[in-house]
Amino acid sequence: MNPKGNAKLTLADGKTVDLPVYSGTHGPDVIDIRKLYAQTGMFTYDPGFMSTSSCNSTITFIDGDKGELLYRGYPIEQLATKCDFMDTCHLLLYGDLPDAAQKKDFVGRVTNHTMVHEQMQFFLRGFRRDAHPMAVMTGLVGALSAFYPDSINLHDARQRDISAIRLIAKMPTLVAMAYKYTIGQPINYPRNDLGYSANFMRMMFAVPAAEYKVNEVLVRALDRIFILHADHEQNASTSTVRLCASSGTNPFAAIAAGVACLWGPAHGGANEAALGMLADIQRDGGVAKIGEFITRVKDKNSTVRLMGFGHRVYKNHDPRATLMRETCHEVLNELGLHDDPTFKLAMALEKIALEDEYFVSRKLYPNVDFYSGIVQKAIGIPVPLFTAIFALARTVGWIAQLNEMIADPEYKIGRPRQLYVGAARRDIVKK
Ligand code: SDX
């Protein structure tokens, strides 16, 4: 990267420091502060990284003001309507959409890695039947690192590629295993004659007592959910994966760290929390009680938030929420649920919130999580499994970001500093 110029920093003592400024393809310029401490003896201070870019990346671009999301330059609206999740995985991992031959090869490689070691079932049995699926997934994904000693060296590009294929291929199998275990049904093995999303639906819902019939509308909806959740720049879980992998640990352990971070209700856990919020409003009286709920949300003394609304980057509509809303209509119509009370309540809540000054002034719009839970519930996915589905989809983005970091010659182990405000140096006084 060549600097476009310098930013001049003038310190309290009048000393000035020139800091290089870089421009990207899109988005804000950056000020390179890597030498700031050496030149000034001072750190920057940015809890929550509101104004900090942690890396340069070629993978995903978000324009929060325009409500734009690009994967490798392609708008999410085009990918979600013209491509499938396997196209999107190839694009995120290798930088471009696959041609027919590349797609056949890629899908073939993923298909042939969908099974997991039989011992994984015994690891699963260590959990209580009512364990949260994200607790199970954090354990199972981390456990994968014990089964593939031939692909844990992060600094070997071939091993990074095979572990990428293994993780993308095995996440659906592990999520379905976690689900079947909690409901006491036998685990289904993957089938090589089914596409990625159809295979997952069958592993989730097939039972030995009956033939499983794939519903193409539901499979397409799930495939779109995977596309919309595949990557999202340097969000909390992706930053976790990058920081974890920067120590040189193996890809499975780094992705397990991403799963753990995504679980939080402020992040990937928001879709489960949004459904819980809608259920609470429904129970308290439904649409007639929305006003009271909104009042509680606006009350500074309450910790109630409108789950599925707001975003650190989007200060306009989250383009994924718009696409997810369309998918909602398609799925509910396909299932004859267009009068679904939860969906109708969500639409009413969205309309009221978007007209309320509190949300308008804070640029709080529905994010991807607001509608994804309703679609998943309509498809038959249990609420506690929503975030595990999010993790399944985001695995390819985490891996692409991890690989990009490791392949960057400038990368080094991440180690932020701090502003220390604790006790001054003192000696122990024997009492
Ligand atoms: C995801 O980063 C990503 O890209 C994440 C993600 C991805 O794909 O990886 O997009 C996925 O995590 C989507 C976000 C899912 N989370 C939720 O839906 C949970 C509800 N949303 C909030 O918790 C919140 O909006 C965040 C965490 C998403 C963003 O918070 P910020 O940017 O730190 O904003 P903030 O908390 O500083 O809020 C600014 C103001 C505050 O009010 P004031 O103190 O200024 O008066 O907006 C208010 C907040 O109280 N606010 C909300 C609100 N979100 C922010 N008020 C009510 N309901 C909300 N949802």
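Me: At what angle do helix 10 and helix 11 pack, and how far apart are their axes?
Reply: Helix 10 (residues 236-245) and helix 11 (residues 251-262) pack at about 150 degrees, and their axes are 8 Å apart. That makes helix 10 roughly antiparallel to helix 11. Angles over 145 degrees count as roughly antiparallel, under 35 as roughly parallel, 65 to 115 as roughly perpendicular, and the rest as oblique. The axes are lines fitted to C-alpha atoms, for helices over the stretch in contact, and the angles run from 0 to 180 degrees between N-to-C directions. Helices here are DSSP runs of H or I with at least four residues, strands are E runs of at least two, and both are numbered from the N terminus.

Me: Before I go on, what kind of model is this?
Reply: It's a predicted model: local features need pLDDT of at least 70, side-chain atom pairs count only at pLDDT 80 or more, and totals for chains, interfaces and linings use all residues. Residues are numbered from 1 along each chain as its sequence is written, and side-chain values use heavy atoms, with hydrogens and water left out.

Me: Back to the pair. Which residues of helix 10 and helix 11 meet?
Reply: From helix 10 you have Ala 236, Ser 237, Thr 240, Val 241, Cys 244 and Ala 245. On the helix 11 side, the residues include Ala 253, Ala 257, Gly 258 and Leu 262. Contact means heavy atoms within 4.5 Å.

Me: How do the residues of that contact divide?
Reply: Between helix 10 and helix 11, they split into 10 nonpolar, three polar and no charged. Ala, Val, Leu, Ile, Met, Phe, Trp, Tyr, Cys and Pro count as nonpolar, Asp, Glu, Lys and Arg as charged, and the others, Gly among them, as polar.

Me: New pair. How do the axes of helix 3 and helix 7 sit?
Reply: The axes of helix 3 (residues 85-94) and helix 7 (residues 157-183) come within 12 Å and cross at roughly 150 degrees, so these two are roughly antiparallel. Met 86, Cys 89, Leu 93 and Tyr 94 of helix 3 make the contact with Asp 161, Ala 164, Ile 165 and Ile 168 of helix 7. That's seven nonpolar residues, no polar and one charged.

Me: Is Glu 404 buried or exposed?
Reply: Buried, because its relative accessible area is 17%. Buried means under 20%, exposed over 50%, and partly exposed in between, using a 1.4 Å probe and protein chains only.

Me: What does the side chain of Glu 404 make a polar contact with?
Reply: The side chain of Ser 57, at 2.6 Å. A polar contact is a pair of N or O atoms within 3.5 Å; within protein, one must be able to donate a hydrogen and the other to accept it, and residues adjacent in sequence count only if both atoms are side-chain atoms.

Me: Okay, loops now. Where is Asn 316?
Reply: Asn 316 is in the loop between helix 13 (290-298) and helix 14 (319-334). With 25% relative accessibility, Asn 316 counts as partly exposed. Its side chain reaches the backbone oxygen of Asp 65 at 2.9 Å.

Me: And Asp 32, where is that?
Reply: Asp 32 is in the loop between strand 3 (30-31) and helix 1 (36-40). At 13% relative accessibility, Asp 32 counts as buried. A polar contact of 3.5 Å joins the side chains of Asp 32 and Tyr 22.
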